Every structure is written in structure tokens, then in C-alpha cells.
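Biologist: Hi! Could you walk me through this structure?

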Amino acid sequence: MRERLATAAALFLILVAAVLLRFHGLGWGLRHAPIDDERYFVDNVARMISERTLDHRFYEYPALLFYVLLPFQALAGGSGPPATYAGRAVIASFGVLSVALAYALGRRLLGSRPAALTAAALLAVSPLEVITAHTLRPDVALEAFALLTFLALLRLDGSRLADARAGAALALAISTKFTGALLLPSFLAARSCWARFTRGLAVAGGVALVLGALLTPYAWINPGEFLRGARYQVGFHYVSRVEHGYLDNVAFYLGALAGGLGAPATLLALLGLALAWRERRTWGPLLLLPVAIVAVMSSADWRYERFVLPSLGLCAALAALPVARLHARRGPAAAALAGVLLCAGPLGTSWNYAANMAGSAPRDRVLDWIAAEVPSGSVILDLRPDLGLGLDRRRYDVLEAEERRSPLDPLVAAHADYVITGPGLSRRWGPLQTVWPVGENEPPFQVKRTPADLRPRYRRLASSEIGLSASENPARLPDVLDGRMATAWATSAPQAVGQFVQAEFPRAVALGRIELLPGPSELGARDLRVWTTPDGRDWRRVPVAEGRPHLQDLARSTRPASEVLLLEPSPVRGVRLAIGGPYERPWQLVELHLDERLAGSPPASAGPAAPPR
């Protein structure tokens, strides 16, 4: 009884810590419009409330999270900052629920209360979990349903009830985010250990289909639109702007898992993996989820650390497995001490993050300075997106980058008007001029810019220097070089692989910047690949970076939509802009600007600079 009371008290303290870390600073950035990932949920739920409909219409995601948000957002007024805060609070609550579920999973897998508490505590203080839970994103909710699915799989015994529970858990996960389907290999492997596999598959599949239809009803009411939305969501992650190799992405996601646990816990998780091999019938099916996540997500062009969240609770249990062995040999005190030591580092990182998010005074001061001093239409590179400054994206073009994310980040910095950094983060970007703050000691934010003489210089190629060809509609190609917004070239059908526009030059050109003006942002290319040739014969695909926000982000900007692609300048005789994936709308070009980098321009790594205006 005493051990149970001590365990309950420890779990209560862990849950309190989880609440504090996730809810402290939850109101960051609400002075301005929410980031786009949040806006997709907040705006569509607000429309559902105003129109009294259950059609969430944003078919790039299933409907469950929209339905969960609906009552809370309605209580918060339906829209605006209170509604955004309410949505974030729902996500933070899912994060706390995941901590409780991680304890339950640890009890089933580890057979040790101190080890299960260690698994829950590691998830409670995980920086990756805490950072993601401060934003309205479905990944945290999916994490909770993945843990619920694991618990259902561990209770499989060949009975119809157990199969039905597993099917229901799978439906909850997949109805939250399409990547919940990556749990299917775990279910199939776990169910294969029991007799009557076909019957079990039918029961679980039937329950999943029925419950999924209830949780996402418009997948069946509007199947064509729903499938288009799902295809677009998948295709979006294969829109290449900065190329990463498959193995690079694998290392990225493994590093995300390590960062989510902390270095000591990661080392113990590797040891736990070896110990779990001895119990592979139990652990093996569950471990298929992190394998599936890393294997599938590494094939995409876009990558985000939060994608590994659904498997983070299981990895925490792996790290706690050696603690369970320590408990068996040395007793609960040694196991508890090990758990505290494992959590100390991640706890400090997560608390610093939450405290920074709650520290509104520096955030408000820098926002006030930017509003007063930075001209509208400026390109601002934010090197501290993790601090959630809340820049006004209707007034400014906001780009985000973090050090060591991409070799092309300095190229992006070379085309920004202002750079927002934190102490110690600006050295990589060259000789920047600090313009805010003045006389303050290491504030959370610093605003810098580059002197004009360090900015790269370009010359726009004249129409007489460009020979154009295209996959179709060649008669309208001169319209993209005539300087008139009333004429345009466009494809005759929705965007598809194989459509291209190609420009060739009579001499080698150090092409460094491409700007495409589509007119309406919804007619811009959604998956554009760039190829160049040094001799007019051999073509190779080249990495490019975005010099302006995504076209979708520009829909609420006051500036005309345009897509700016930045290249490392090298002599080329031609460039091909090719569609890499399908999209439901045609591709239109009103104007195409090709800019040659002039000799004598500073290297991209010298610092941020403004493009020619």
C-alpha cells in the first residue's frame, strides 16, 4: 500500500509538471494572426460554428481534431486570439494525457512502477513534446492516440472484444492525421501472434471503418473532394525547395528522437533496444511504428521533428527498460535516482523554453520596434522561430530558418532585409549591424541588418536574352516577358508531372534568382523542380531555397503573390522549371523574372541582404 501511495504521489507530481510546462507561455504571439498551421484549424472551426455545419472542408486533414476543437472554440467566442488559445489548450491537454498513457504503457511493458514513472517523466519534460504542445498542431493528439493503440495491442488475446478495441484505437489515430495509418504494421504484427488472424482482421477493420466514418463523415459524403485534399497533403511534403538525401533525413529523424529524450536517455534507449530484443514478441510490433515513421518520412522533401512524436512515448519506455532492470537489482531508490538524473537535462531545456514563451515584455518591445521602424513589405528572416515572436505576416514577408538546418540557409539570409536572432546565433551570418536593442544586456531577441555594400547585386535579364519553350501553349510564352500583368501563359489542364517552362541563354549566365508571378496565388506552382544545364545538353536538378514565404502564406499578405527561388550562382546556359506533382488547379505565369548575379557581389555567407526592388 505504501508503494502504491508513493507511486500515485510521484505520478501526480509528474502530471503537474507536464501541465506547467505545456500551459506556461501558451499565449505567445496572440497579438498577431496565428501561424498558418494554426489558422487552418481555427478558421475552419470558426466557419463551422458560424454556418452551423459539421463539414470541416479542410480535407487535407481528417475531421476528428476539428470536432474536438469545436465546443472549446465555441466557448471562446468562435474566432480571434481567445479561440486560438482555446485550441492550443486542447493540444496541451492531449500532451498531458500522453504522459498518463506513457505511464500505463510503462506498467504493461516494464513491470516496474519506478521504471514506468521514468517513462512518463521523460515524456513530461521532453523538449520536443513541450515545444510542439505550445502550438495548435495535430501531432500531439496523434501521439496520445498512438499510445492508446499500443495499449490496445498489448491486450490482444484473440478475442473479438480485444480486436474491436484495437480497431477503435486505430480509427481514432487515423481520424486525427493520415499518418496514423503508420500504426497498421504494428497492428498486423501484433495480431499475427494470435490464432484466427483473418477473423481478427475483419473485426478490427470493420470497427475502424464504422468509427472512422462517424469521426470523418465527409470523407464519404464528399469523397472526390476529400481524396483531392488528402492527395494534396501528401504531395505537399514532396515539394522540393531544399534537397536532402534519404540518409540525411534518416539521421535528422533519429536526431529528433534523441533530442526529444536527451543524450543520457538516448544512450539508455539503445541499451533498452538490446534488452527488448529478448522480449521481441511483445516489443517487436510496437517498434515497427518508429521504424515506419523514419522510413516513410525520410522519403519526403520537407521534414519536421514533430513527425516522430507518435513514437516518442515508446522510446521513453525503451529508455526506462534498463531502469526496470536496475530496480530489480538495486531497489526502488536507485531506480528513482536514475529517473531523476535522466530527466534533469530535458527539464531545464523545456522550462527555459516555456519561460521564454511566457516572457512577453521583450517580445512586445521588439514587435513595437519593428512596427515603428521596419517598412511594410520587408523580408524578415526569423532565426528564432522556436520563440514564437508573432510577426505580422500580413505586413511583412516572414521567412524562418534555424542554424544547421540547410546548407542554403546563408543564401536565404543574403536576401532578407532584417534578421531576428538571439544572443550567440548571429556569428554564422557574417558582419551584421545591430539595430535593436540599444543598451540592453543579452535580450532574448536582437534585430540586425546588413550594410548595403554587403548585399548581393543582380541584373535582370532582358527578354532578348531569353529563349523560351514549354510543354504546351507556346504561343503565349512571350506574355511572361512583356512586363504586363494583364497577359499570362497557363497550362490547359491541372498541374501534372511533365509540365515545364524552359529558358535558354545565348551565353553562360550566373543565374542566382528566379521570380515567378502567377497572378492569383492559387494558380502558382505547388511542386516546382528546378533544373539547369551548363552546356545546353546535360541537365541536372539543383537545390533551391525560397526567398519569399509559400504562396499559401501570401494569400493574406497585402503584397502581390510571387514565388522567389534562390540558387547558388554558377554559369548556366539554361534553366527548366518543371512540375513535380499533381495539383487540382492549372499552372499560370503572368511574369517570369530571371536575375543574373553580378561579378563582385559578396558571397552568400557574408550576411543578409535585400533583393533589388
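Predicted model: local features only at pLDDT ≥ 70, side-chain atom pairs only at ≥ 80, totals over all residues.

Biologist: Which residues have the most contacts inside the largest nonpolar core?

Modeller: They are F94, L105, L109, L110, F150, W283 and L314, in a core of 110 residues. A nonpolar core is a set of buried Ala, Val, Leu, Ile, Met, Phe, Trp, Tyr and Cys residues joined through side-chain atoms within 4.5 Å. Buried means under 20% relative accessible area, exposed over 50%, and partly exposed in between (1.4 Å probe, protein chains only).

Biologist: And what does L105 touch?

Modeller: Not counting residues up to four places away in sequence, L105 touches L147, F150, L151, L154 and L314. Contact here means heavy atoms within 4.5 Å. There is also a second, separate core of 28 residues, with F505, L516, L565 and L577 among them.

Biologist: New topic: how many residues does helix α2 have?

Modeller: α2 has 16, residues 36–51, and reaches 22 Å from its first C-alpha to its last, close to the 22 Å expected. That expected span is 1.5 Å times one less than the number of residues. Helices (H or I, at least four residues) and strands (E, at least two) are DSSP runs, numbered from the N terminus.

Biologist: What covers the buried residues of α2?

Modeller: The cover includes α3 (64–75), α4 (81–110) and α7 (138–154). Among the buried residues of α2 are F41, V42 and M48, along with D36 and R39. After α2 comes R52, with a positive phi near 55 degrees.

Biologist: Is P310 buried or exposed?

Modeller: P310 counts as buried because its relative accessibility is 7%. P310 sits in the loop between α15 (280–297) and α16 (312–330). Beyond neighbours within four places in sequence, P310 contacts L142, E143, A146, F150, L289 and I293.

Biologist: Last one: which residues form the nonpolar patch on the surface?

Modeller: F12, L13, V16, L20, L347 and W351 form the patch. α1 (2–23) and α17 (332–358) each supply at least two of its residues, and α1 gives the most, with four. L347 lies in α17 and counts as partly exposed because its relative accessibility is 38%.

Conventions
Residues numbered from 1 in each chain as written. Heavy atoms only, no water. Patch = residues over 30% accessible without salt bridge, like charges linked within 9 Å, V, L, I, M, F, W, Y side chains within 5 Å. Areas by Shrake-Rupley, 256 points an atom, 1.4 Å probe, with all protein chains shown as cover. Salt bridge = Lys/Arg side-chain N within 4 Å of Asp/Glu carboxyl O.
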